Amino acid sequence: MKDLSERRRLIYVPIVHESADMGSQAEKLRQIYVARYGLRAWQESRKAISAYWLRIEREIERLNLDYKKVRLYQDGLPVCGQEAEIIRDVAEAGSRNYSLLQNLIRKGSLFEGTEDPALLCAERDLLTVADQSEAEKQANASKLMKQRDQFISDRIDQTLQPGEVGIVFIGALHKLREILPKDIEVRILLER
């Protein structure tokens with residue numbers, strides 16, 4: 001067994017996206033949610049999501065990590081050369097997720113563009129396609145999610161170095177854990 005300084009470790013943080021994370025789609029998604037479940041349910045969901053992010057922040061702090069050996073990965077953050085600007089802008093828009101990324105970066109963590117921009121654009125475009133049935137949209141969405149997960153797994157494999165700890169903030173619909181390289185020790189934050 002490799003000693004701690006040789007192992008690659010990954011903290012897997014299942015996340016729930018906030019409105020600020022959704023960018024230009026936020027209002028449309030809010031309207032859909034309110035139409036389906038009502039305004040009160042929307043407001044209650046915002047409170048629950050806020051409380052969840054507070055738990056994530058506290059749990060990461062309790063890990064007492066050497067932040068200079070931490071590498072950050074974020075669902076939805078493209079490999080594009082403008083990752084720092086995206087993190088800053090989304091944090092300024094009110095995202096707890098991206099604000100947490102900023103705080104970890106200030107403590108010395110490195111961040112990585114995590115996703116293929118073309119796949120992210122394809123997924124966004126899928127939301128606006130009007131000439132597909134719901135079944136076709138679901139099938140295409142599932143295919144895109146598998147491709148995104150494979151890209152993220154490959155990205156982590158390529159960038160996470162021996163002795164480092166990665167933190168991946170990843171939405172609940174992803175199936176990333178199943179395809180990560182076997183030499184990466186995975187710990188799930190807030191696992192029930």
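User: Where does Ser109 lie?

Analyst: This is a predicted model. Ser109 lies in the loop between helix H4 (96-106) and S3.

User: Is Ser109 buried or exposed?

Analyst: The cut-off for buried is under 20% relative accessible area. Ser109 has 5%, so Ser109 is buried. Leaving aside neighbours within four places in sequence, Ser109 is in contact with Tyr67, Val70, Leu72 and Leu104.

User: Which residue is exposed, with a relative accessible area of 67%?

Analyst: That is Asn64. The cut-off for exposed is over 50%. Asn64 is found in the loop between H2 and S2. Check its backbone too: phi of Asn64 is near 50 degrees. That is a positive value in a residue other than glycine.

User: What about Ile86, buried, exposed or partly exposed?

Analyst: Ile86 has a relative accessible area of 24%, so Ile86 is partly exposed. Ile86 sits in helix H3 (residues 83-92). Not counting residues up to four places away in sequence, Ile86 touches Leu77, Pro78, Cys80 and Tyr98.

User: Now helices. How do I describe a packed pair?

Analyst: Two packed helices are described by the angle between their axes and the distance between the axes. Take helix H1 (residues 26-37) and helix H2 (residues 39-62). They pack at an angle of about 120 degrees, with their axes 7 Å apart. That angle makes H1 oblique to H2.

User: Which residues of H1 and H2 meet?

Analyst: Arg30, Tyr33, Val34 and Tyr37 in H1 meet Leu39, Ala41, Trp42 and Ser45 in H2. Sorted by class, this contact has six nonpolar, one polar and one charged residues.

User: At what angle do H5 and H6 cross?

Analyst: Their axes cross at roughly 165 degrees and come within 10 Å. Angles over 145 degrees count as roughly antiparallel. H5 and H6 are therefore roughly antiparallel to each other. The crossing of H5 past H6 is left-handed.

User: Which residues make the contact of H5 with H6?

Analyst: From H5 come Leu119, Leu120, Ala122, Glu123, Leu126 and Leu127. They meet Lys137, Asn140, Ala141, Leu144, Met145, Gln147, Arg148 and Phe151 in H6. By class, the contact of H5 with H6 has nine nonpolar, two polar and three charged residues.

User: How do I check the span of helix H6?

Analyst: Helix H6 (residues 134-159) has 26 residues. At 1.5 Å a residue, they should span 38 Å. The end C-alpha atoms of H6 are 37 Å apart, which agrees.

User: And how do I read the faces of a helix?

Analyst: An α-helix has 3.6 residues a turn, so residues three or four places apart point the same way. Now list the buried residues of H6: Lys137, Leu144, Met145, Arg148, Asp149, Ile152, Ser153, Arg155, Ile156 and Thr159.

User: Which elements do the buried residues of H6 pack against?

Analyst: One partner is helix H5 (117-128). The strands are S1 (8-15), S2 (70-74), S3 (110-112), S4 (165-171) and S5 (184-188).

Methods
Residues numbered from 1 in each chain as written. Predicted model: local features only at pLDDT ≥ 70, side-chain atom pairs only at ≥ 80, totals over all residues. Heavy atoms only, no water. Helix = DSSP H or I, 4+ residues; strand = E, 2+ residues; numbered from the N terminus. Expected span 1.5 Å × (residues − 1). Buried < 20%, exposed > 50% of the residue type's maximum accessible area, 1.4 Å probe, protein only. Contact = heavy atoms within 4.5 Å. Axes fitted to C-alpha atoms, helices over the stretch in contact; angles between N-to-C directions. Parallel < 35°, antiparallel > 145°, perpendicular 65-115°, else oblique. Left-handed = near helix turned anticlockwise from the far one by under 90°. Nonpolar A, V, L, I, M, F, W, Y, C, P; charged D, E, K, R; others polar.
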